[in-house]
Amino acid sequence: MTHRRRLVGGAVAILATALLTAVMLPFRSHLDIASVALVFVVPVVLGAAVGGFVSGLAAVSIGFLAYDFFFIPPYLTLNVSRAGEWVALAVYVVVMLLVSRVVDLLWRTEARSQQGQRDTAHLFEMSQLFVGERPSGQLFEIVVETVRDAFDLSAVVLLLPREGPSGGLEVVAHSGRPVTPAELAQLTPAGGSLATLRTSAPLVSNGLQVTEHLQTIVLAVQERPLGLLGIIGPPLPRHRRELLTALANHVSLSLERAMLRDQALKVQLLEQIDRHRRYLFSAVSHDLRTPLASIKASASALLNPSASLSDADRAELASLIEAQSDRLSRVVSNLLDMTRIQAGTLVLDRRSLSVEEIVDAVLDALGPAAERVKTVLPSEPIVMKADRTLLVEALFNLAENALRYSPASVPIEITAELSPLGGGVVSLTVSDRGPGMPPEQRARLTRGFEDGIRAPNVRAGSGLGLSIARAFLEAHGGSLRIEDAEPGTRAIAELPLVSESGEDAAVSVR
Amino acid sequence: MSARILVVDDDPALLRVMKIALTALGYDARTAQTGHSGLDDAALHPPDAVVLDLGLPDIDGVEICRRLREWSDVPIIVLSADATEDRKIEALDAGADDYVTKPFSMAELQARLRVALRRREGRGESEDKASGEIDAGPLRMDLAHHEAFLHGSPLELTRREFSFLAFLCRNEGKVCTQRMILEAVWGRGYLNETNYLREYAYRLRRKLGDDRGLVLHTRPGIGYQLVVTSHDES
């Protein structure tokens, strides 16, 4: 109950008493003193309702004086002539005191229940914070807004430990009037870090340290401090402080939850990177070891004294060594180019070349397996500006992969055409008649480099080949997609004829 | 008659090398590029040994081991390009006899093939012998009386040493995984006690001695293999 309310209550009581006295004065000879006493209930109730018990008390005193002075004979004196009138006055005072007490109590109960409702609403709002999947930043804002609103504070700041080894606390959210550096220094513990807080703070859990009008609330879960809530405003009464502690507990829990979620995301990301690395390692190891296996087997057979090789056998083993060395060096240069693309340091060597030229180079590189390739090229030559080496490698990887999955008796097909949708896009399609792939495996194959999930039957080598093809196509502003051809699989490479970024532009991917 | 070797690998270049080299070493070499054609060939022309790549495009190599074992006890040597050990162990548990990691030399493969083929011959002989007795080269083990003889002279073995050696002897030439041995000799509850194996392998090696026609190989991280080095039956 504030002073202002009491003064207003007293004024209301005086005014009402004066008004009622003025109204009743002309008829006082016709009114019996009991009726007058009844009328004087009104200012007392009004006073008590507005200003509480103290104002009610004032109203009773004024009412008593007005009653005696104006309405009890002899008029305009405080004397009382008859014993019955003494009784009336006494009853009036007692009843009025009781009335103002009751009115005051009613008023207080009402006010408290309204406060209770508001507090419940705030707590409810806080508990909502648990349920939603909000970004941490938004959560921090909601926390400071809600706390400031719930306690009519002038400012609220939320301080959390800084990321990284430097430690220390930083303001992550703020609501209300600006907080001066001096106030902030007063709010933060000595040394400015939570570690010192744990040992030096007198209250370990969500305790309150009252320093004038600045208060620090330690946000903690299971005695482990998470951060600080600094509030600036009028000192809070005891029951409000309890509510603040309850709110702080809610805030602590939702902060902890947000932090755990952030951590879980980080762990997930690390796991993904780790999977990716392992996949890459196994893919690279497969692609390097496969040609190496033939080379070592051939060379060791040539050197084996117990092997009786004919001259023709020796010649074939020697040429196998040569071919497999070429294959190995191709894998190595592909890997290097891929690394340079990922590092963003690869500069495309764009030159004018025709699609026919690329397809011929691929057939050349495939060697004897080229017999199993059927090509469908448009009658008009398609000319584009592209890096010859990378495009040939991309298409070679697609063709090699298709050959690997196709039965030896069935040819694979390479088709080149201008996209029917126009826009200067050429599409190169490699189709095989292999067993096809389930959709999720198709997606995994090209995504291989990103998430490294490998189906049990997918060869590491094929994953790497498609990933390399995709990276080389994307470096040209193109794309690669794998489709089910029923039967078989179709790999479709789409490329813009001329790059938008112009000639000899440095291309960085991702 | 030369032994027939079936090589299953998806790399045509390696198949070509193997065909030439194995033929030059006096084997009858056959090749298959997929798991399905390999299984078909093994059924039509039963080989004396199979050299099997673990990463085939159509059927997983471990699965091929399992399928072959359903109807054949042909020795299987697994080729693995994966540096990881667990695939090899899986294959050995599924019935493979030995493994070679790519890249490998022909001499190495030849040595493994020799062990595998000898094991196959030895198995043919032991089937004729009375049960209750097993042997591996110069080693003879009498299971009923718990007695072991190396070149005719008795070996002093504890109970466990005897069962360890008996298990290896029964699987002579085959790489036995740590798990297999622990399960057979110590029981299911001891699958993680690989330190037992180190201890007992050390003791057995001391008792078998050096250069006496029998070698106990350790395959690090994989298991153990008892190999007969000389074939004088005594």
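How many helices and strands does the secondary structure of chain A come to? In this predicted model, local features need pLDDT of at least 70 and side-chain atom pairs count only at pLDDT 80 or more, while totals for chains, interfaces and linings use all residues. Residues are numbered from 1 along each chain as its sequence is written, chains are lettered from A and ligands numbered from 1 in the order in which they are written, and side-chain values use heavy atoms, with hydrogens and water left out.

Chain A has 14 helices and 12 strands, taken as DSSP runs numbered from the N terminus (helices H or I, at least four residues; strands E, at least two). Of its 510 residues, 43% are buried (under 20% relative accessible area, 1.4 Å probe, protein chains only).

Turning to chain B, strands β10, β12 and β11 make up an open antiparallel sheet in the order β10-β12-β11, where pairing requires at least two DSSP bridges between two strands. The edges are β10 (176-177) and β11 (214-219) of chain B, each pairing on one side only. Six antiparallel bridges link β11(B) to β12 (residues 223-228) of chain B, and B:Arg219 has B:Gly223 in β12(B) as its bridge partner.

Helix α1 (residues 12-24) of chain B has 13 residues and should span 18 Å at 1.5 Å a residue, which agrees with the 18 Å between its end C-alpha atoms; the expected span is 1.5 Å times one less than the number of residues. Among the buried residues of α1(B) are B:Leu14, B:Val17 and B:Ile20. After α1(B) comes B:Gly26, with a positive phi near 95 degrees.

Conventions: Buried < 20%, exposed > 50% of the residue type's maximum accessible area, 1.4 Å probe, protein only.
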